[in-house]
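This report concerns a metal site and a set of aromatic contacts. The sequence and the model are shown first.

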Amino acid sequence: MPWERIESYSYWILFVAAFLAVAVWESLRPRRELSAPPERRWSRHGLVLVVCTVINVGVYRASPVVVSIIFAGSRYGLLNKPWIPFAGRCILAVLLLDLVKYAVHRSFHSVSFLWRVHRVHHSDPDFDLSTALRVHPIEVVVAQGAYFAVIAIFAPPVMGVLIAELLSVFESFFGHANASLPGWAEKPLRSVFVTPDMHRIHHSEEVGEQYRNYGDCFPWWDHFFRTYLAEPAAGREGLIVGLKGYQNDASLGMGFMLTQPFLRETTEAGSPIAPAKKAKVAS
Ligand SMILES: [Zn+2]
């Protein structure tokens, strides 16, 4: 079977399996009460995913695996050198591609126009697995372009690119879960993978906490670059997610999500939208 087909099948099978697994986990042990019904959130955010997928395919007509196949024989790539063992090249590829996601995510918070685009993801008034789908098409195109560029430059093995892709799709749902692992499991797992309790801090309404915990799959880059935050200032129970001034039902509108990068940024004091309300904590 060609690599492109293996990628397509494995990606979408894992996408559906991870979504269902996290959905069951959230329904059994919800971390917080949501301000809108899950089916409404999932359908709206699912539509954003459809728009993003259509635009992304239209722009690039390629996937990470296809790009890695095209550049596999590059003379300049560092990760296609036969003197590095294959397993080592795959591990380096997974680490490199996760580092790229960390760097791209950080730039979306530090470059003015990119933040306007990325704030669509952060203006979700709640935090659950569907938040992972709430990404503006411009963000997808920019992030995918950077990802493809790094694959083209380093020429990592196709297997490493596929593993990185599958890890990322699982982590995108797991990391945004409206659920918490028990304490005995959360702490050790957080030293290896980004957990929901860790990533939820990044979605805090407190701006300083939005500059923390950028990691996609692994928490190591946050530790290395000193952007790691173990606990929010308000505590796990007191943490309020979203953006001040956008924590209301209008933020789930399709029109709003697609046009938000081009709207004037509101402030809590001067917001044309209802003021922030406290997120309810599930008992
Ligand atoms: Zn962010």
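A residue counts as buried under 20% relative accessible area, as exposed over 50% and as partly exposed in between, with a 1.4 Å probe and protein chains only. The model is predicted: local features need pLDDT of at least 70, side-chain atom pairs count only at pLDDT 80 or more, and totals for chains, interfaces and linings use all residues. Residues are numbered from 1 along each chain as its sequence is written, and side-chain values use heavy atoms, with hydrogens and water left out.

**Aromatic contacts**

Rings of Phe, Tyr and Trp (its six-membered ring) pair if their centres lie within 6.5 Å; planes under 30 degrees apart are stacked, over 60 edge-to-face, and the rest tilted. The structure holds 15 aromatic pairs. One of them, Phe19 with Phe173, is edge-to-face, at 5.4 Å centre to centre and 90 degrees between the planes. Both Phe19 and Phe173 are buried. These two residues belong to one aromatic cluster together with Tyr11, Trp12, Phe15 and Trp42.

**Zinc site**

Donors are N, O and S atoms within 2.8 Å of the metal (3.2 Å for Na, K and Ca); water is not among the atoms, so sites may look incomplete. The zinc ion has the protein donors His105, His109, His118, His122 and His202, each through NE2, at 2.1 to 2.2 Å. Their sequence spacing is H-x3-H-x8-H-x3-H-x79-H.

| Residue | Relative accessible area |
|---|---|
| His122 | 1%, buried |
| His202 | 0%, buried |
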